[in-house]
Amino acid sequence: MNSSFTTNYREMAPWLEAILNDCQDAVFITDRHFNLVHWNVSAEELWFRQPKRPAKKNIIDFIYQLFPGHVEVHSQLQRAISLDEQVEDIFVSTPDDRTFRISCYTHKFPGTQYLLDVVIILRDLQAAIHRKKDIKPGILYKTLLNSLEEGVMLMQGDQGTIISANNKACDIIGITHERIIGKNLTELGVKAFREDGSPMSVNEYPAMITLKTGVVFRQSIVGLINAKGKLIWLSVNTCLLEEFNGAVPGLIAVTFNDITACREAESRLSESEYIFQSFMNNTHSPAWIIDEDGFIIYMNDIFKSVWNLNDSHLYSNMRDLMPQHMVEQYMNNNRRVLDSGQPLITIENSLRRDGTPGVYLVFKFLLQTSTPKKLIGGQSIDITEEKRARQEIEKVNERFYYTTKATSDYIWDWNIENGTIYRSEPFSQLTGYLQNDMENDLYWLLEKIHIDDRQRVMQHINACLMARNNYWHDEYRFRCADGSYKYLSDKGYIIYKDGVAVRAIGAIQDLTEKRKLEEELAQQKEKERIRINQAMITGQEYERNEISKELHDNVNQILSSAMIMLSTARGNTDDKEFLIDKTTQYIDLAIQEIRKISKSLNSSIIREVGLIDPVEDIIKNMQLVRPVTVDFECDPALEDELSHDVQLMIYRIIQEQTNNIMRYAEAGYVRIAIEQIGNQLTLLIQDNGKGFDAKKQTKGIGLLNILNRAETLGGTLSIDSRQGGGCRLLVQIPVA
């Protein structure tokens, strides 16, 4: 014994080593991989007697060499380890016809499922018999009886008293050997059943009938609930032992095998067949089995329905049942399965249940059977609608692809469930990032948003998701690949499932140029506002200067003359009355001048007297200054139709332009026409003065004031003038 071998957990105990070495059988102790850990003296001798010993001390390699041809031993031993079962009945033979019995036991760590050792025992049966040549017949009989795999009992008497039973019989009945001897069948406390499940009385037991009538039974099926409460099925044989009648009258032998497993297997087979039939006939997919020549062996109900077949078509050839334009494809696919021996998944054209052409996903495979001809099983799934749907999806995807190419928007698709984002190719062109540079998640996008906009965008997205809003829109600055920023308008539609956001689809627009134009427009408006304010200030200054000039050059002169006249009257008694009258005239003239100035500045005059009278006053004042012919055209009804603001604006424009004419035009004829056509009011002021080049001359403060007044009412101003050709001013104002 080589005591240097040890397991991983302990040394071999001396007492155990002594027992193993005294054993006549070869005992091998291995690990779970059958690598040798211990052996006894008999095993060591058996090992070293072999002319070709394996290089590695592995018991499987040794068994293969000792018992060539018994390759199944490895799987049987491996099964014993996997199922934690003791195996004691593996019989093998050597080339010189010596028979060995192999037993296998497992040894686990106490209280666990951890496997420590595997014990394999090889017993040379011929050597064992040779050692027991002098065994007593009774002992030999008992040993032989207990080695049988079937139960054996010897029974006697009317009650069926058991006088002998082997170990297998005790195991089947569920009673120990000590308790079963001397008991009769009634006292065993077991219940028997016929094959149909009906109860069987003791007197109907095959053994009792043989005892009473001498009728012998062969393979009679009996159900039995043994002493342990387990239902088992037995195949029972009885025989008369007539040669012992002299010594033991009425002695019979009863042998029985436990066929419970066989019955259960048959039941499962029958149940499996029923389940198979039920499943195949309730599935929505056609299924069939044909042989290698194309003859139908099996077809389920839906297959029959599709092809309008019945059981009478079994064993017919599919070539005779299928339309000719489908046969070739069908049989070619069968041949591929037969030639390769591998399953085949393919798409075949076939008929649908309503008789219309359809497309099927077909699975064909060889069946492992012992039949003379190879069998092919098949099942198909109607994918006609799926294929149509796929084609529609492909068309939609194609349209979507070309839409993303054609649109100026940049499309994105956010799968919220897994966090991935798809961005269309134009987005790469917009931002300068290559597709490989862009990560397909939301965080990549957020970190590119300007820091001043980022927090707002994140909060807005979260708020929409929390409120379960379907629409989301925001604008932000986005950092492009070159480091520059672009203004983007981002709109999305959010899809919810059971109240949870699962997807969002949206589009991005580039607002950079729009923002740039808006900024330029804002700057332009600011400049225009400043210019208008300056014009207003200039206009106010102009008005003040004019008023000051009127007061200084006219009113002041008149009042000064009146003051001189009044002073002269005080010292001149002769002309006193004349001078006082003259002073009165001058004062009255000054009052009229002040009234005229006040009237020209007072906007309430339009509300009090209307538009026409103030315009006629302007004309009179023009004619007082210079001889000029003025034609004025205006429908009096307009005073009632036009609002005060419109009338005042027209009055101020007429006042401004007539002042320009009197100052610069040197005109002899002026035409003023106010007319309403539909929803548009026109004011025409035309003169035959010296004119000016409208393209070259910058608008003066007067024309600028006119333009501002027209634009205030949403109107337009057009001026047509040339050197020596007079001037034509047209104002058009929309009115309700």
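Here is a walk through this predicted model, from the whole protein down to a few residues. Local features need pLDDT of at least 70 and side-chain atom pairs count only at pLDDT 80 or more, while totals for chains, interfaces and linings use all residues. Residues are numbered from 1 along each chain as its sequence is written, and side-chain values use heavy atoms, with hydrogens and water left out.

Let's start with the big picture. The protein has 24 helices and 27 strands; these are DSSP runs numbered from the N terminus, with helices (H or I) of at least four residues and strands (E) of at least two. Of its 736 residues, 37% count as buried. Buried means under 20% relative accessible area, exposed means over 50%, and partly exposed is in between (1.4 Å probe, protein chains only).

Now for a residue tucked into a helix. Q647 sits in helix α23 (residues 644-665), and it counts as buried because its relative accessibility is 5%. Leaving aside neighbours within four places in sequence, Q647 is in contact with I606, G610, L611, L638, E639 and L642, where contact means heavy atoms within 4.5 Å.

Next come the salt bridges, and the structure holds 16 of them. A salt bridge here is a side-chain nitrogen of Lys or Arg within 4 Å of a carboxyl oxygen of Asp or Glu. One of them joins the side chains of E204 and R194, at 2.5 Å from N to O. E204 lies in the loop between β9 (199-200) and α9 (206-213) and R194 in the loop between β8 (191-193) and β9, so this pair ties together parts that are 10 residues apart in sequence. E204 is partly exposed at 33% relative accessible area, and R194 is partly exposed at 31%.

Salt bridges that share partners join D453, R456, D474 and R477 into one network. R456 is partly exposed at 34%, whereas D453 is buried at 9%.

Finally, look at the surface, where D510, E513, E519 and E520 gather in a patch of negative charge. Patch residues have over 30% relative accessible area and no salt bridge, with like charges joined within 9 Å and nonpolar side chains (Val, Leu, Ile, Met, Phe, Trp, Tyr) within 5 Å. Helix α18 (residues 512-571) gives the most to this patch, with three residues. E519 lies in that helix and counts as partly exposed because its relative accessibility is 44%.

Definitions and conventions: Areas by Shrake-Rupley, 256 points an atom, 1.4 Å probe, with all protein chains shown as cover. Lys, Arg positive; Asp, Glu negative; His and termini not counted. Charge placed at Lys NZ, Arg CZ, Asp CG, Glu CD.
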